[in-house]
Structure formats: structure tokens, C-alpha cells
Amino acid sequence: MIIALVSIWIIFSFTTGGDFLTARNISNLFRQSVFTSMLAIGMVMVIIMGHIDLSVGSLVGLAGGVVAILDVWQGMNPVFSIGLTLLLGLILGLWNGWWTAYRKVPSFIVTLGGLLIFRGILVGITGGTTIGPMSDLFYYFGKGYFSDITGLIFALVVGLAVIFIQLKSRKDKLKYGFDVLPLKFEILKIAVSVILLVVFILVFNAYRGIPIPLMVLAIFLAIFSFITNKTTFGRYIYAIGGNSDAAKLSGIDIKKITLTVFMLNGLMAAIGGIFLTSRLSAASVAAGDGAELDAIASCVIGGASLAGGIGKVGGAVVGAVVMASLDNGMSLMNVENFWQSIIKGLILILAVWVDIYTKNKKSAA
């Protein structure tokens, strides 16, 4: 996926006369990808379990509407309004998870109903009006930037973390007799990762600095990557998606895990709604419309299998950046909206076909 992403950037760089790879456009591209990435982080865990959530777009709109009502109409402290909105996301995720896990209603039906219910509630509580502008704190969340010094410190911390994690992973693999790359290639791999990180920070600093939403996304990416890769809870998610019957016989509480995953997905949708509203400085009844499709597409393009059991949080975020790159590049080329939809739809179909083809090839082998 990284190779595909770089290829897309190179193509758009030539077709836009170099405008695509300017510091300003790269900064805007990653800032625009934050919203879909937040949704994809939650969605990929649902997909790994073999479920789907069609309600996240409407949940995004409802969360954005609620935080705007609390901030603009009620004049509530922004911290409290954000906290209540996050709680709402957890509750609505619990609603989806409860019907799916404890009442055995297919997640497709439950979340399709949620899509209609949440959007209807949004229209009802807002009266169909746009609510704004948001207070200064939300402007800071949605459009603020960290200073150049902060970006360099971030690069240093992340670079040291990359070195530590790679070397520790190598040590653990050697301890248990797994194959590892020769040390010189391992060092080369680490060096390339650190250099790319520094280059990106310098690009961001060349414009206005690291966007605050991107930094927040990086934190959530690290948290959920750790949860899915390094915890028992994460292993349970993959086990359920890979073979739910075997997982049940192994003593895994499938209902509890399913409920928790949907709650986390609801939480990430609420966070996405807050950032979308912050970036636009207003909430509207159309906010988040169709966002669930972009989130699902990001997960699939990033390597998640709709059959369950396969997928990575990092891959979903890369898929979201791919989607944002396509939108951004085609917009710079003045490609009409209907062509953008057609191209993204074809790419989604191709990604699913590759997944199915790979699975069939492995089964035949």
C-alpha cells in the first residue's frame, strides 16, 4: 500500500505540474485525511470481527450536531461539551453492539437502522439548520498547527520509538527462533523510516507546522495499533473474525468483545464528528453523509478482509490517505465530481477483487 500511495503521488505530481507535492498541499491533504482515518480506525476492528457498521456517517453528523448545540446554543464549556459528545458516541456504539451481540440481529441490519435513526435525530434536534460558528477551542482543534520546534521534538521522540520497537522486535524474534532480516538490512530499514519521518516533518514545517488534528490522529493510531497487536483483547478480535466457533470453544466471551468493539467504533465516530465540526466551524444535517462508505473503502484498500480475521489499523489509515490523495489530486486536476465517484468505486471493487483472488490462490495452494 505504501508503494501504491507513493505511485499515486508521483502520478498526480506530473499531472498537476508539481502542485500536488507542494508543502501546502501535502499539509492540507493529511489534514483532510484525518476525518476518514478516525472512522477507519474504529471500522477496521468491526470488519476484522466479520461485522460491518453502516451508521458511522450518521453518528458523525449527530455527534457534530450535539457538540455544536452544546457549544453554540447552550454556551457550555468546550471541555464538557466534548466529554458529553464522546459519551454519546460510546452509548450509540453500545446500542449497535447490544443488538448485534446479545439479540443476534445482523450488524448490517442494525447499523442500517442506526443510519436512519441517528440522521433522523440529528434533523429533529437541529431543526434542519446549520449551527455555528464554533468557539475558539474548536477552531484550534480543527485548523490549528504546532510550532516548528514541537514538530522537531515529535520527530525525535517518534524516531527513537521506531528504533526501539524495531530492535526489540528483532530481539524477540531471535529469542524464539523466528527468521529475521540480516542486521545490515534491519539497520537500513530503520534508517529509511527515520529519514522519511524527518522529511515529512520538514515538509509540514515548510508550510505552517504539523496540523493539530494530524498529531491527535497519530496518538490514536499508536494506541489502537498497540491494542490490536499487543493485547489479549486484540488477539480475541482476530480470533473471532477468523473462526467464531473456535473462538467460542476456546472460552472467549464473543458477546462482550463484540459489544466493546462497537462501543470503540462509536467513540471514534464521535471523535471524527468533533473534528469535522471543528474544521468546518459549524454543524449541518448533511455532515458525515456517506462517510461510512469512505471508511469501509479505506479499510478494504488498506488490506482488511470483509470476510473477517484480516486487517491492520495502520493499513486502514494508509487506505484513508489513499482515498484523500485521490480526492485531492483529482480536485487539483479539476476532474468533475461524478468522475471522482466512478474512479473511487472502481478502485474499491478492484481492492475487494484482489482480496478474494489472494484468498482463493492461498486456498488452492
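**Contacts, rings and a surface patch**

Leaving aside residues up to four places away in sequence, Asn 25 touches Asp 19, Phe 20, Asn 328 and Leu 332, where contact means heavy atoms within 4.5 Å. The model is predicted: local features need pLDDT of at least 70, side-chain atom pairs count only at pLDDT 80 or more, and totals for chains, interfaces and linings use all residues. Residues are numbered from 1 along each chain as its sequence is written, and side-chain values use heavy atoms, with hydrogens and water left out.

Asn 25 lies in helix H2 (residues 23-48); helices (H or I, at least four residues) are DSSP runs numbered from the N terminus, as are strands (E, at least two). With a relative accessible area of 9%, Asn 25 is buried (buried is under 20%, exposed over 50%, partly exposed in between; 1.4 Å probe, protein chains only).

The whole structure holds 12 aromatic pairs. Rings of Phe, Tyr and Trp (its six-membered ring) pair if their centres lie within 6.5 Å; planes under 30 degrees apart count as stacked, over 60 as edge-to-face and the rest as tilted. Phe 30 and Phe 200 form an edge-to-face pair, 5.6 Å centre to centre with 80 degrees between the planes. This pair links distant parts of the chain, with Phe 30 in helix H2 and Phe 200 in helix H8, 170 residues apart. Phe 30 counts as buried at 13% relative accessibility, whereas Phe 200 counts as partly exposed at 27%. Trp 9, Phe 30, Phe 200 and Phe 204 form one aromatic cluster.

Leu 152 is in helix H7 and is partly exposed, at 44% relative accessible area.
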